[in-house]
Amino acid sequence: GGDMRHLANCLTAARIVLAVCLLGTEAGSPAFFTLYTAAGLTDLLDGPVARRTESQSAFGARLDSAADLVFFAAASVCLLPCLWRLLPPAVWLGALATAVGRGAAFWLCLRRHGCIPALHTRLNKLTGARLFCLPYAVGGHLAAYASALCLLALAAAAEDLLLVCRGECRVEAAGCFSWRNV
């Protein structure tokens, strides 16, 4: 076998490429779901591959956060026009409140500690997984799913803000709960 030390970072970089390709698709199309699912699989696999090959690094953690951001932005560009029509105003208010909380944590960490928080807490991972599944929620369940997701995202944003106020800006922050990070 060849050198596997770079496999995790290659998976992470592939997520960026897939996200950019996603911009050329129509939301809900087979091409959209193929690229979207492939990008999600890279996110699911890069961390375990890094641990298994003992290739975890600060660079890999930053690349993962950047890839997540690019993927989220590309998926949002594709999905928001459709979701705007389908979701109730309360969901959009919850999304705005979440963005404000995340923005406050970002600003506070940057100002106090000179770094950008990318906290991989249990709540953030759970929120990310549920957010990833949003395009697969169809029919009458979409609004209920999005509402529950908003509540989870608000809790994760509040946890981030609390952690940053405590001076915790490391990527693998323990979170506010007693369970161990994965």
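Trainee: What should be kept in mind about the numbering and the model before we start?

Mentor: Residues are numbered from 1 along each chain as its sequence is written. The model is predicted, with local features needing pLDDT of at least 70 and side-chain atom pairs counting only at pLDDT 80 or more, while totals for chains, interfaces and linings use all residues, and side-chain values use heavy atoms, leaving out hydrogens and water.

Trainee: What pattern does the chain follow, and how many helices and strands are there?

Mentor: The chain has 6 helices and 0 strands, and its pattern along the sequence is α-α-α-α-α-α. Both kinds of element are DSSP runs numbered from the N terminus, helices being H or I with at least four residues and strands being E with at least two.

Trainee: Why are H1 and H2 called roughly antiparallel?

Mentor: Helix H1 covers residues 7-22 and helix H2 residues 30-52; they pack at an angle of about 160°, with their axes 8 Å apart. Axes are lines fitted to C-alpha atoms, for helices over the stretch in contact, and angles run from 0 to 180 degrees between N-to-C directions. Angles under 35 degrees count as roughly parallel, over 145 as roughly antiparallel, 65 to 115 as roughly perpendicular and the rest as oblique, and H1 and H2 are therefore roughly antiparallel to each other.

Trainee: What is the handedness of the H1 and H2 crossing, and which residues make the contact?

Mentor: The crossing of H1 and H2 is left-handed, a term used if the near helix is turned anticlockwise from the far one by less than a right angle, with right-handed used if clockwise. The contact (heavy atoms within 4.5 Å) includes Leu11, Arg15 and Leu18 of H1, and Leu35, Asp43 and Val49 of H2. By class, the contact of H1 with H2 has 15 nonpolar, 2 polar and 3 charged residues, where Ala, Val, Leu, Ile, Met, Phe, Trp, Tyr, Cys and Pro count as nonpolar, Asp, Glu, Lys and Arg as charged, and the others, Gly among them, as polar.

Trainee: What makes H2 roughly antiparallel to H3?

Mentor: Helix H2 and helix H3 (residues 58-86) pack at an angle of about 160°, with their axes 11 Å apart, and that angle makes H2 roughly antiparallel to H3. H2 passes H3 in a left-handed crossing. Phe32, Tyr36, Ala39, Gly40, Asp43 and Asp46 in H2 meet Asp64, Asp68, Phe71, Ala75, Cys78 and Leu79 in H3, and by class this contact has 7 nonpolar, 1 polar and 4 charged residues.

Trainee: How do you know that Asp43 and Arg15 meet in a salt bridge?

Mentor: A salt bridge is a side-chain nitrogen of Lys or Arg within 4 Å of a carboxyl oxygen of Asp or Glu, and for Asp43 and Arg15 the N to O value is 3.5 Å. Asp43 lies in helix H2 and Arg15 in helix H1, so the pair ties together parts that are 28 residues apart in sequence.

Trainee: Which other salt bridge involves Arg15?

Mentor: Asp68 and Arg15 also meet through their side chains in a salt bridge, at 3.1 Å from N to O. This pair links helix H3, which holds Asp68, to helix H1, which holds Arg15, across 53 residues, and Asp68 is partly exposed, with a relative accessible area of 26%. Arg15, Asp43, Asp46, Asp64 and Asp68 are linked in a network of salt bridges.

Trainee: What makes Asp160 and Arg102 a salt bridge?

Mentor: Their closest N and O atoms are 2.5 Å apart. Asp160 in helix H6 (residues 142-165) and Arg102 in helix H4 (residues 89-113) are 58 residues apart. Asp160 is buried, with a relative accessible area of 8%, and Arg102, at 28%, counts as partly exposed.

Trainee: Why is H5 called roughly antiparallel to H6?

Mentor: The axes of helix H5 (residues 122-133) and H6 come within 9 Å and cross at roughly 155°, which makes H5 roughly antiparallel to H6. H5 passes H6 in a left-handed crossing.

Key. Buried means under 20% relative accessible area, exposed over 50%, partly exposed in between (1.4 Å probe, protein chains only).
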